[in-house]
Amino acid sequence: MATVDIREVRKAFGSTQILHGVSVAIEDGQFVVLVGPSGCGKSTLLRMLAGLENITGGEIAIGERVVNNVPPKDRDIAMVFQNYALYPHMTVFQNMAFSMKLAGAPKDVMEREVQKAARILGLEQLLHRFPRQLSGGQRQRVAMGRAIVRNPQVFLFDEPLSNLDAKLRVQMRSEIKELHQRLKVTTVYVTHDQIEAMTMADLIVVMNHGRIEQAGAPLELYDRPANLFVAGFIGSPAMNMLEGHIADGAFHAAGGVRWPLPPGAPTSGEVIYGIRPEHLHLDPGGLPASIQVIEPTGSETQVLLRIGDASLLGAFRERISGAPGSALPVSPDISLVHLFDKKTGQRIP
């Protein structure tokens, strides 16, 4: 195991800048998730860490060693790809043992390490099958097993669950997290799915346009997003955002609706008022809201509401019924309201 230090790393393709001085300090044994929309630079950063992309500027260190010019095979990392990258003509055992075979490992060592990884991943009965005989989840386990047998200092995962169906993604999320808890190997995981990031990470790094918007523990980003981008990206359903101004001890939104302010709010100014759908509560004496659409999900009811001139989403534990246009007054939990500067998009403390 090892620490990973990414220091002011830059990447350019010709005159096009992809990464703009990215810095991340990853602790030994930590599970770090790089998350962001397509094109934000997260996969490029991972490939630079793996040695599959050249570094334009800055340094990447694994342990005490700067690896900028170290070939991928000498970095002591193992990478799991989105498309599994299994050899179709090899059995599961042969796929998992391939890197050890290239390294000249004795047969008894290969047998021991592959059997050990197969037990961890539940692949013992599949070692003599070929990839075409496996399900998507089983193929992903084989790809993970191939990484485990190398006993690397760092695991790298590049959107490994993207090709799986929703139910299998949930299962594999748990399996990867359990695997990390067991092996305690430093892990860097790339995804565009913020639910994966929230449920798996010790540290989330939110990227946008080649820059880090915020890095922190999952609940830290959820509870105190640094800016509008993070607030809108972290959390599902997404946070409601209202434009308006503060005056007379309240937030005034379009349509003349007065929203209550959190403790310590400024006394004036143009702001964005953020409230998560799950932090709106049914309240007979609350803000005048009307139903637009009701979407029952079983565990909760999501309701698209009209409040003044704005449409907002509410997520309620109660089961709600009502015709479009009928009243459903709500109140925000003022201790969980977020305020952002309208000009800069930065959080107002």
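Residues are numbered from 1 along each chain as its sequence is written, and side-chain values use heavy atoms, with hydrogens and water left out. Because the model is predicted, local features need pLDDT of at least 70 and side-chain atom pairs count only at pLDDT 80 or more, while totals for chains, interfaces and linings use all residues.

A search of the whole structure finds 11 salt bridges. The term denotes a side-chain nitrogen of Lys or Arg within 4 Å of a carboxyl oxygen of Asp or Glu.

One of these pairs is Arg 7 with Glu 59, whose closest N and O atoms are 2.9 Å apart. Arg 7 lies in strand S1 (residues 4–13) and Glu 59 in strand S4 (residues 57–62), so this contact ties together parts 52 residues apart in sequence. Strands are DSSP runs (E, at least two residues), numbered from the N terminus. Arg 7 also bridges to Asp 5, with the closest N and O atoms at 3.6 Å.

Relative accessible area is 34% for Arg 7. Glu 59 likewise has 34%, and Asp 5 has 21%. Each value counts as partly exposed, the class between buried (under 20%) and exposed (over 50%), computed with a 1.4 Å probe on protein chains only.

A further salt bridge joins Lys 342 and Glu 270 (3.8 Å, N to O). Lys 342 lies in the segment after strand S20 (338–341) and Glu 270 in strand S14 (residues 269–275), so the pair ties together parts 72 residues apart in sequence. Salt bridges that share partners join Asp 5, Arg 7 and Glu 59 into one network.

Notes: Helices (H or I, at least four residues) and strands (E, at least two) are DSSP runs, numbered from the N terminus.
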